[in-house]
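Take a look at the model below. Then read on for a short tour of some of its parts.

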Amino acid sequence: MRADPAAQLRLLDLQELDTRLAQLRHRRRSVPQIAELATLEQRAAALRDQEVAVRTAVSDLERAQAKADADVEAVRDRIARDQRMLEAGSVASARQLEDLQHEIASLTTRIAVLEDAELEVMEQLEDAQRRASAVAADVTALAEQRAAAEAARDAAFRDIDAEGTRVAAERARVAPELPADLLGLYDKVRTDAGGVGAAALHRGRCQGCQLTLTPADLGRIRGLAADEVVRCEECRRILVRTPESGL
Ligand SMILES: [Zn+2]
């Protein structure tokens, strides 16, 4: 392939722009907040599980407390009723009176047991409510952390994308200056060779693969016409001759 030496040199400018675009794509993928947000999302998922568990505990204990309250209330009502019967003097026999007094004594013992149970449930409920508040505070703090990380990530994206737009515009200006066949070869090699399609021959060395050419290779290149498109024997990239090529 042949191409004007000026077009070959211009290819190095295009390569620089393509390298810059590749670096920007890499920077966009490597924005630190992307990894941070992934970690925060894992913590958020764990917190959602905790939230469900603690809410279930609170509602279970609220039901248990309502039942414990009702149990105490029922026994209190029964004692009050027995007391009224005693005070009204409506008990007919000594046997009945003894039964009633016995029942009041036994209900009083029972109510102490029930009140202990009621107190214990209340303490458990308060504990669960404290845990629910702590989880809710964690959820709020995490949401703030995520919002901050998202804002920082989006700001980084905006900077990178603005730079990318500038470089892409420059590339769109440079690419049409090059002959179609040279550009086609460059794009093909660039795809095959990890993003670098053209490299300068600098002081006898290919800047694409850093290989120093043998004197024989340099002599062969020296003998070629200036518009001959040279390829590196090692990496197959387009080797562009410059005044610093060492030929
Ligand atoms: Zn090379």
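The report covers a few strands and then a pair of helices.

This is a predicted model, where local features need pLDDT of at least 70 and side-chain atom pairs count only at pLDDT 80 or more, while totals for chains, interfaces and linings use all residues. Residues are numbered from 1 along each chain as its sequence is written, and side-chain values use heavy atoms, with hydrogens and water left out.

Start with strand 4 (residues 238-241). Strands (E, at least two residues) and helices (H or I, at least four) are DSSP runs, numbered from the N terminus. Two strands pair if DSSP finds at least two bridges between them.

| Partner | Sense | Bridges |
|---|---|---|
| Strand 1 (residues 198-202) | parallel | four |
| Strand 3 (residues 230-231) | antiparallel | two |

Leu239 is the bridge partner of Ala199. Val230 also stands opposite Leu239. Six residues lie between strand 3 and strand 4 in their hairpin, and Arg236 in the turn has a positive phi of about 70°. Both faces of strand 4 are covered: Ile238 and Val240 on one side, Leu239 and Arg241 on the other, are all buried (under 20% relative accessible area, with a 1.4 Å probe and protein chains only).

Now the helices. The axes of helix 1 (residues 5-29) and helix 4 (residues 180-192) come within 11 Å and cross at roughly 40°. Axes are lines fitted to C-alpha atoms over the stretch in contact, and angles run from 0 to 180 degrees between N-to-C directions. Contact means heavy atoms within 4.5 Å. In helix 1, the residues that meet helix 4 include Leu11 and Asp18.

Notes. Buried means under 20% relative accessible area, exposed over 50%, partly exposed in between (1.4 Å probe, protein chains only).
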